[in-house]
Amino acid sequence: DDGDAVVRQSTKTTVAAEDLLPPKTESGFWKYQREAARVYLGIRVQLTVAGLIGGNFLMNIIEKWIDPEGDQHPGLWLGFDIFFNVSFTIELMWNMYSFWLCRFWKSAWNIFDVVVVSIGLMNYVLPDLPGPLGLLRMMRAFRVFRLFKRVESLRKIMQSLSKAVPGVANAFFIQVLVMSIYAILGVEFFMTYGEQGSYTNELGEVVEITTARDLQYGYAYFGNFGKALFTMFQVLTGESWSEVVTRPMLHTTNPTQAIGVSFFFVSFNLVNGIVLINVAIAVLLEKMVDDESDKHHHEVREEPKEGEPEAIGFDEVRAFDDDKVAIPEGTPAATKPSPSPTSASKDAAVTAAARPTKVAKGDALHGLNAIGAMESDFLSLRTDMAKIKLQMSQLLTVLRERQMKADAGSSGMEAMRCSQRNQPAMQVKSM
C-alpha cells in the first residue's frame, strides 16, 4: 500500500531492500507486529541504533587508550558495557518481533547481530570462560560492523566485495603462485650465502654479515621455503628490502652474481609488485562496477512524475504512421492534411501503446542496452520524420497555391486575348 511505499522511500538509505513490512494481524501476540516493524524501519530509530553502535565503538577506543589493563576505572567501563549490551538486546528483540520468522533469519546481518549480542550477554552469565573461549570477549570490537546493515553506501561496498571475492581470489592465487616460484629459486640460490658469517665486497674486503638475531644471512632470509616466502613478501611490500635483503648480495666481486641478483629481484617486483597487484585491483573494480550496472538495469521503471512527459517502454517500437503529421498550433486549417478514415482507431492504438511498460528483472544486460539504444534512435527518427513531413506538407501547400495563382493568371490572359480577337469582328459587323 501507499504507507509501505512511503516507509521504504524514507528509509532507503538505512534499510536493506529485502526488509519488507509483515502482513497485518488483527489479534493475538502478533497484533502489533506490522506497526512495530513500521516504527523500527523509521529513520529516527535506525539513526539512534547507528549512534549507539558508533558510541560503543568510541568507548572501546577510549578504554584501550587511557586504561588498557582496565584496572583504573573498572566500574565506569562495566557501566557503559551493561548499557550498550542492554540497548542492543532490546533492539535485537524488537527486530525479531517485527520480522519473525523467515524474514528475520534470511538476513545474514541479523544472524551476525544475534551472534554479537549473544556473546556480549555470555560475558555476564559466564565471566570466566576457559582457554580460547575467553577470546570471545574481543567480539565486542566487531559490533561496529553492524553499521553496514544500516548505512546503504557501506552495505553496497560490502556486497560488492563479497561478489568480487571469487575473481579476486583467482588473482591472489596467481600472486601466491608466482611468489612461491621465486621463493623456491631463492632457497636454491641464496641459502648458503654468508654461511661463514662474512662476505667479500667489490673492493675485495671481507665484511662480517649477520642479522640482528645473530643468524647467518642466507639462513635467516632463505634458509627454507617458509623463510624465503616471507622474505619475498617483504620485498613485495617494499619494506627495506633493497638495503637489508638485496645489497649484501649485490656488492660482490662476482659480476655474474650481481647481474643475477639484480634480475631476480627487479623481475619479481615488476611481475608481482606491479602487474599482478594491478590485475587484482582491476578485477575488484570490474566486479563492483558490474554489480552497480546490474542493479541499475534490473530496477523496475517508475511512473513519470506530474508535469513530466511519459516515458516510452521497450515494447513500444511501432511503424511510423503515414496518415498523421504533427502540425504546430496556429497552423491554418487549410495546410493540415486530412485524416484517413482509420485515424481514430490508430490514435487509440498509439495512445494505448504510449503507456510505459515495466521491464522484467531477468532481462539480460546487453539486451537492455541494445533495446535502449534502438528506442532512442527510433524516437529521434520519428521526430525527424514528423518534421520532414510537416515541411513537405507546407511546401506542397505553397506549391498548390502558386499553381492556382498561375492557373488563374493564365486563364485571365486567355480571356483577354479572346476579347481582343472578337473586337475587330464586332466593329465590322456594326459597319
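Tutor: This predicted model holds 22 aromatic pairs. Phe-29 and Tyr-97 form one of them.

Student: What makes the pair of Phe-29 and Tyr-97 edge-to-face?

Tutor: The planes stand at 90 degrees. Edge-to-face requires over 60, so the label applies. The centres are 5.3 Å apart, and the limit for pairing is 6.5 Å.

Student: Which parts of the chain does this pair link?

Tutor: Distant ones, 68 residues apart. Phe-29 sits in the loop between helix H1 (2-10) and helix H2 (33-40), while Tyr-97 belongs to helix H4.

Student: Why is Phe-29 called exposed?

Tutor: Its relative accessible area is 60%. Exposed means over 50%, so Phe-29 qualifies.

Student: Why is the pair of Tyr-217 and Tyr-221 called tilted?

Tutor: The planes of Tyr-217 and Tyr-221 meet at 55 degrees. Stacked needs under 30 and edge-to-face over 60, so the pair falls under the remaining label, tilted. The ring centres lie 5.2 Å apart.

Student: Where do Tyr-217 and Tyr-221 lie?

Tutor: Both are in helix H9 (residues 217-222). They are 4 residues apart, about one turn of the helix.

Student: How do you know whether Tyr-217 and Tyr-221 are buried or exposed?

Tutor: Set each value against the cut-off for buried, under 20%. Tyr-217 has 2% relative accessibility, so it counts as buried. Tyr-221 has 11%, so it counts as buried as well.

Student: Which residues do ring pairs link into a cluster?

Tutor: Tyr-182, Phe-189, Phe-190, Phe-222, Trp-241, Phe-264, Phe-265 and Phe-268.

Student: Which residues have the most contacts inside the largest nonpolar core?

Tutor: Phe-190, Tyr-217, Phe-222, Met-232, Met-249, Phe-265 and Phe-268, in a core of 25 residues. H8, H9, helix H10 (225-237), helix H11 (241-250) and helix H12 (255-297) each supply at least two residues. H8 gives the most, with 6 residues. Another core, of 19 residues, lies apart from it and includes Trp-77, Met-96, Phe-99 and Leu-147.

Student: What does Phe-265 touch?

Tutor: Leaving out residues up to four places away in sequence, Phe-265 touches Phe-190, Phe-222, Met-232, Val-235, Trp-241, Val-245, Thr-246 and Met-249.

Student: How do you know what span to expect for helix H6?

Tutor: Helix H6 (residues 108-125) has 18 residues. At 1.5 Å a residue the expected span is 26 Å, and the helix reaches 26 Å from its first C-alpha to its last. Its buried residues include Trp-109, Val-114 and Ile-119. The buried residues of H6 pack against helix H4 (74-99), helix H5 (102-105), helix H7 (147-150) and helix H8 (152-190).

Methods
Residues numbered from 1 in each chain as written. Predicted model: local features only at pLDDT ≥ 70, side-chain atom pairs only at ≥ 80, totals over all residues. Heavy atoms only, no water. Expected span 1.5 Å × (residues − 1). Buried < 20%, exposed > 50% of the residue type's maximum accessible area, 1.4 Å probe, protein only. Contact = heavy atoms within 4.5 Å. Phe/Tyr/Trp six-rings, centres within 6.5 Å; stacked < 30°, edge-to-face > 60°. Core = buried A, V, L, I, M, F, W, Y, C linked by side-chain atoms within 4.5 Å.
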